[in-house]
Amino acid sequence: MPWFIIILSYLLGSIPTSYIVGRFTAGRDIRRIGDENAGAANAYRELGSRAGIFVGVIDAAKGSAVILIAQAASMSQPIVLLAGIVAVVGHNWPVFLGFRGGRGVSTTLGILYVLVTFPMLVLTLPTLLILIIKRNVTPSMAFLFISLPLVDLFFKIPPQYIVYGIALPALVGITTFFRARPKALKQA
């Protein structure tokens, strides 16, 4: 059963929401426009606010779903946490798009909203305010992911969830860094 949950988590994470929305709403491949990232932020910029918000919500739901499925299947805590990581890996490197997906921000948010709900809810309003003011996902997510461990500590969240709340966004950061490097080299 644990292997089934892990494989299911990868496949759910691999569902290419922005690609599907781009094809159906605009007849375009999201990987060929904007920053060529198959995620919600690029969908928002290139396909419009409705499409971007829809993609973000569905991608977050993928993350939430894998955690809820693993918990409903009475998986051990390490398997539940691994299911979340694998869902982000699936989103970032989806089998359905030749292993070239998004950065995993929305999927990570969905996972963290299930695992550390109250700290995430506390940080939602300030994160949204930063997003509205800056009109850029990067500073708002930086604020959220840097503040989360501190808010977790304040609410006495178990240490394994605090570490997980650092490690999962680190995967997003690593993906972002390595995806940005080839473009910077092309432009130089």
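The largest nonpolar core of this predicted model holds 32 residues. Those with the most contacts inside it are Ile 111, Leu 112, Leu 115, Val 116, Met 120, Leu 144 and Tyr 164. A nonpolar core is a set of buried Ala, Val, Leu, Ile, Met, Phe, Trp, Tyr and Cys residues joined through side-chain atoms within 4.5 Å; buried means under 20% relative accessible area with a 1.4 Å probe, protein chains only. Two or more residues each come from α1, α4 (49–72), α5, α6 (105–115), α7 (117–134), α8 (137–154) and α9 (159–187). Helices are DSSP runs (H or I, at least four residues), numbered from the N terminus. Helix α5 gives the largest share, seven residues.

Tyr 164 touches Leu 81, Gly 84, Ile 85, Ile 111, Leu 112, Leu 115 and Pro 169, not counting residues up to four places away in sequence. Contact means heavy atoms within 4.5 Å.

Helices α1 (residues 2–14) and α5 (residues 77–92) pack at about 30 degrees, with axes 6 Å apart. Axes are lines fitted to C-alpha atoms over the stretch in contact, and angles run from 0 to 180 degrees between N-to-C directions. The two helices are therefore roughly parallel (under 35 degrees).

Residues are numbered from 1 along each chain as its sequence is written. Local features need pLDDT of at least 70, side-chain atom pairs count only at pLDDT 80 or more, totals for chains, interfaces and linings use all residues, and side-chain values use heavy atoms, without hydrogens and water.

Technical notes
Angles under 35 degrees count as roughly parallel, over 145 as roughly antiparallel, 65 to 115 as roughly perpendicular and the rest as oblique. Buried means under 20% relative accessible area, exposed over 50%, partly exposed in between (1.4 Å probe, protein chains only).
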